[in-house]
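Please read the points below with the coordinates open. They run from the whole chain to single residues.

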Amino acid sequence: MKSLSSIEVNFIVRELKQIEGSRLDKVFQKENEFILKLYKLKNFFLDIIPGNFVIISQEKSFESEPSQFCMILRKYLTSCTLDQVQQLGFERIITITLRYKEETYNLILELFSTGNIILTKENKIISCLDKREFKDRKIVPGADYQKPPSNAPNLKEISQKEFSELLDKSKRQSLVKKLAIDFGLGGIFAEEILARTNIDKESDKLKEGQKEIILSEIKRLLDSDIFANISDNQAYPIIMLTKPPKQEVESFSLAIEKTKDILPEQDQKSKELESLLVTIKERLV
């Protein structure tokens, strides 16, 4: 099952804005999959698989025995109003803010590595799907929530000066690797940016004007209108030059749902390697 990149999280959060103002009716769970049933003029079903995706799904519910964590979510969040859905910086983390009378909670969805779901109040962890402890970060009840360390900048807010400096400091041999790894774009969207700017992906040294063109195109891509489609059995939130659409889809959520069980072997290996690298990184920081 494919994980969402930071850029894809940007688009899915924009799509999830439609559920702001809804009321949470019920939480269902089956193994590592959670469904939040919401109501706002009609029913919405928020499908969460930590480490993979968050989407508005087709109607579904589970009859399996809920875990203790699921029961805790029901206890605190049933009848809450969903106030806001946000991406945390440019991370693969989504924060859902819920309110009941004077009480406000955050449901933090980590979509990297093996993922996690964390319930907080005033940034204090009430409960979490998986308890984890690292050198400078603890995901355990009672601890303050801290996001994991990240070397990638927030591309939604980065200045041209900072972008150019980070690009110059990168030790990667090719431009596409610098954008994919050091700036968190991932291979597909790094290739797309360079295709749109007509700049050689193997370039090492760039003129300042080229750096400005690249950053401008990154920000333009992030602000693109959602045009969900499927190409080569993979979901995309926008029209891609490098992956021409084969099928237009009503929403990015639906495109993900249609392709969620299709994962090339190489992507599976990349996901396993990412999980290992994240664990190593958090233990060393």
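1. Among contacts in the protein chain with a separation of 6 or more, 53% are between residues 24 or more positions apart. Contact here means heavy atoms within 4.5 Å. The model is predicted, so local features need pLDDT of at least 70 and side-chain atom pairs count only at pLDDT 80 or more, while totals for chains, interfaces and linings use all residues. Residues are numbered from 1 along each chain as its sequence is written, and side-chain values use heavy atoms, with hydrogens and water left out.

2. The protein chain has eight helices and 14 strands. Both are DSSP runs numbered from the N terminus: helices are H or I with at least four residues, strands are E with at least two. The radius of gyration is 19 Å, close to the 19 Å from the globule rule for 285 residues, so the chain is as compact as a globular protein of that length. That radius is taken over C-alpha atoms, and the rule is 2.2 Å times the number of residues to the power 0.38. Along the principal axes, the C-alpha atoms fill a box of roughly 55 × 45 × 35 Å.

3. Of the 285 residues in the protein chain, 48% are buried. The classes are buried under 20% relative accessible area, exposed over 50%, and partly exposed in between (1.4 Å probe, protein chains only). The chain exposes about 14,400 Å², with carbon and sulfur atoms supplying 47% of that area. Accessible areas come from the Shrake-Rupley method with a 1.4 Å probe; for residues, only the protein chains shown count as cover.

4. The chain carries 45 positive and 45 negative charges, and their mean positions are 2 Å apart. Lys and Arg count as positive, Asp and Glu as negative; His and the chain ends are not counted. Each charge is placed at NZ of Lys, CZ of Arg, CG of Asp or CD of Glu.

5. There are three aromatic pairs in the structure. One of them is Phe34 with Phe69, edge-to-face at 5.8 Å centre to centre and 85 degrees between the planes. This pair links distant parts of the chain, with Phe34 in strand β2 (residues 33–39) and Phe69 in helix α2 (residues 68–77), 35 residues apart. Phe34 counts as buried at 1% relative accessibility, and Phe69 counts as buried at 6%. Phe163 and Phe183 have ring centres 4.9 Å apart and planes at 50 degrees, so their pair is tilted. Phe163 is in helix α3 (residues 160–169) and Phe183 in the loop between α4 (175–182) and α5 (186–197), so the pair ties together parts 20 residues apart in sequence. Phe163 is buried at 0% relative accessible area, as is Phe183 at 1%. For reference, rings of Phe, Tyr and Trp (its six-membered ring) pair if their centres lie within 6.5 Å; planes under 30 degrees apart are stacked, over 60 edge-to-face, the rest tilted.

6. Why is helix α1 (residues 6–16) described as largely enclosed by the rest of the structure? Ten of its eleven residues are buried. Among them are Glu8, Asn10 and Glu15, together with Ile7, Val9 and Phe11.

7. In α4, the buried residues Leu175, Val176, Lys178, Leu179 and Ala180 deserve a look. The buried residues of α4 pack against α3, α5 and α6 (208–222).

8. Ser113 has phi near 55 degrees and sits in the loop between β7 (103–110) and β8 (116–121). Ser113 is buried, at 6% relative accessible area. Asn233 has phi near 65 degrees and lies in the loop between β12 (229–231) and β13 (234–236). Asn233 is partly exposed, at 46%.

9. Which residues does Phe189 touch, not counting those up to four places away in sequence? They are Ser5, Ile7, Glu8, Leu221, Pro237 and Met240. Phe189 is in helix α5 and is buried, with a relative accessible area of 3%. The C-alpha atoms of Phe189 and Glu208, 19 residues apart along the chain, are separated by 21 Å.

10. Glu20 is in the loop between α1 and β1 (23–30). Its C-alpha atom is separated by 23 Å from that of Ser5, 15 residues apart along the chain. Leaving aside neighbours within four places in sequence, Glu20 is in contact with Lys40, Leu82, Asp83, Gln84 and Val85.
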